Amino acid sequence: MNAALQQFRYETAESLNIAVYQIMANKIRSFLTALGVIIGIVAITMMGTAINGIELGFDKSLAMLGYDVIYVQKGSWSTMGSWWRFRNRPDIETRYAAEINRIIAGNPLSELIVAVPQMSTIDASARYRDREILQIFALGTNQDYPLTASGDLSAGRFFTAQESAAGDEVCVIGDDIATGLFPGGRAVGQSLRLKNHNVRVVGIFKKQGKFLGLFSFDNQLIMPLGAFTKVYGKTPMVTIRVKVRDEKRIPEAKEELTGLMRRIRRLPPGKADDFGINEQQAFKSQLDPIKNGIAMAGIFITGMSLFVGAIGIMNITFVSVKERTREIGLRKALGARRRTILLQFLIESVMICLVGGVIGLATALSITVLIQTLLPDFPVSFSPMLVLASIGVSVATGIISGLAPAISASRLDPAVSLRYE
């Protein structure tokens with residue numbers, strides 16, 4: 001047993017030495033042979049990086065919505081493409097929040113904590129002196145809004161309960177509005193112009209980024225509901241944000257909130273809901289098929305790249321076997337076993353693939369760093385698992401592409417091989 005193991009170690013070490021010598025003696029050919037693997041590894045690594053980035057950006061966006069917040073709205077996020085099914089529903093009213101809070105207060109076992117009204121418009125603009133920002137997201141709410149939102153303040157404060165009840169014309173703005181209208185960095189205490197109203201800035205949100213790369217949370221302006229209706233009037237874009245006690249019990253909280261809304265709207269048993277109860281899982285259920293589709297397309301593309309690379313390595317290895325027929329015959333005549341010859345060419349093929357895999361990984365990592373440097377807001381994530389996967393794929397490609405030529409070399413007849421010219 002020990003002798004057999006020692007013999008295997010010797011044969012492996014000898015095969016490694018021969019493989020290194022052959023690769024170094026034919027650098028250009030070895031590089032061109034590995035080029036297919038390099039392209040394949042770059043493709044599979046960048047695709048994995050992109051998918052990880054999508055997952056990272058998606059989770060970050062969902063965190064902005066709040067994992068422990070559910071939303072009462074006119075429509076449903078899970079069937080956003082079927083808007084015509086909801087257009088005739090009665091509008092959601094901000095007064096529902098007070099009614100929900102009254103019922104919650106009388107039920108100590110409620111899954112819900114607080115309901116916050118929200119009225120909004122995207123057709124708003126803000127001006128300060130000669131500077132103006134168009135199409136900001138203006139939102140009217142009350143002092144409890146921070147309980148249901150993820151954003152923190154970088155300066156100032158949120159408006160108080162007294163300011164909310166009085167409908168004072170004060171606001172908290174996003175980072176883009178603050179830097180756009182007040183480049184000097186002194187936004188708190190200044191008054192910006194909304195239509196024909198002067199609204200005083202009392203706070204600034206920290207930079208949060210975009211939701212799914214579409215809507216920017218840094219372009220929002222939040223003010224008391226009374227002040228909002230003074231400036232923009234009542235709009236149909238009304239949402240009731242409801243914070244739940246335990247994000248792991250979202251289904252139970254949704255069921256309770258559905259019952260409360262049916263009670264508030266006086267819907268008789270058997271009649272369908274005329275409102276939507278939404279939560280971030282609805283977005284996930286819609287975007288997961290898209291992400292899976294991208295992953296499947298990526299697997300197909302990278303699979304084709306690696307397949308082409310493997311064919312190239314197989315062809316070159318067959319050429320190498322033909323060129324070294326006399327060497328193979330001489331080694332077998334001197335006592336080399338078939339497994340020794342097979343192991344030699346198999347290790348050579350795997351080494352070429354591993355070199356290609358390392359170069360491909362280095363290239364993919366460089367591209368990722370470049371993207372992160374040039375586009376810091378673009379979500380990319382280079383996972384350590386991609387390194388292990390790339391190494392595994394490289395080894396598998398080397399074994400698959402080198403197996404047939406290695407078997408062919410091991411079966412050569414020494415007598416015929418030595419006569420080969």
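Which helix gives the most to the nonpolar patch? I started my notebook there, and the answer is H2, with five residues.

**Entry 1: ground rules.** I am working on a predicted model, where local features need pLDDT of at least 70, side-chain atom pairs count only at pLDDT 80 or more, and totals for chains, interfaces and linings use all residues. Residues are numbered from 1 along each chain as its sequence is written, and side-chain values use heavy atoms, with hydrogens and water left out.

**Entry 2: the nonpolar patch.** I listed the members of this surface patch: Ile 28, Phe 31, Leu 32, Leu 35, Ile 39, Val 355 and Ile 359, together making about 630 Å². For my own reference, patches are made of residues with over 30% relative accessible area and no salt bridge; like charges are joined within 9 Å, and nonpolar side chains (Val, Leu, Ile, Met, Phe, Trp, Tyr) within 5 Å. The areas come from the Shrake-Rupley method with a 1.4 Å probe, and for residues only the protein chains shown count as cover. Helix H2 (27-65) and helix H10 (338-374) each supply at least two residues of the patch. Helices (H or I, at least four residues) and strands (E, at least two) are DSSP runs, numbered from the N terminus.

I then picked out Phe 31, which lies in helix H2. Phe 31 counts as partly exposed because its relative accessibility is 42%; buried means under 20% relative accessible area, exposed over 50%, and partly exposed in between (1.4 Å probe, protein chains only).

**Entry 3: salt bridges.** Side chains of opposite charge can pair when their charged atoms come close. My search of the whole structure found 13 salt bridges, each a side-chain nitrogen of Lys or Arg within 4 Å of a carboxyl oxygen of Asp or Glu.

I looked up Arg 95 and Glu 93, whose side chains meet at 2.6 Å, N to O. Arg 95 is partly exposed at 41%, and Glu 93 is partly exposed at 35%.

Next came Glu 132 and Arg 127, paired at 2.8 Å, N to O. Glu 132 has 40% relative accessibility and is partly exposed; Arg 127, at 35%, is partly exposed.

**Entry 4: a link between distant parts.** Glu 111 and Arg 249 form a salt bridge at 2.8 Å, N to O. The two sit 138 residues apart, Glu 111 in the loop between helix H3 (95-105) and strand E2 (112-128), Arg 249 in the loop between strand E11 (238-244) and helix H7 (250-264). I noted Glu 111 as buried, at 15%, whereas Arg 249 is partly exposed, at 34%.

**Entry 5: a network.** I finished with Asp 175, Asp 176, Lys 207 and Asp 218, which salt bridges link into a network.
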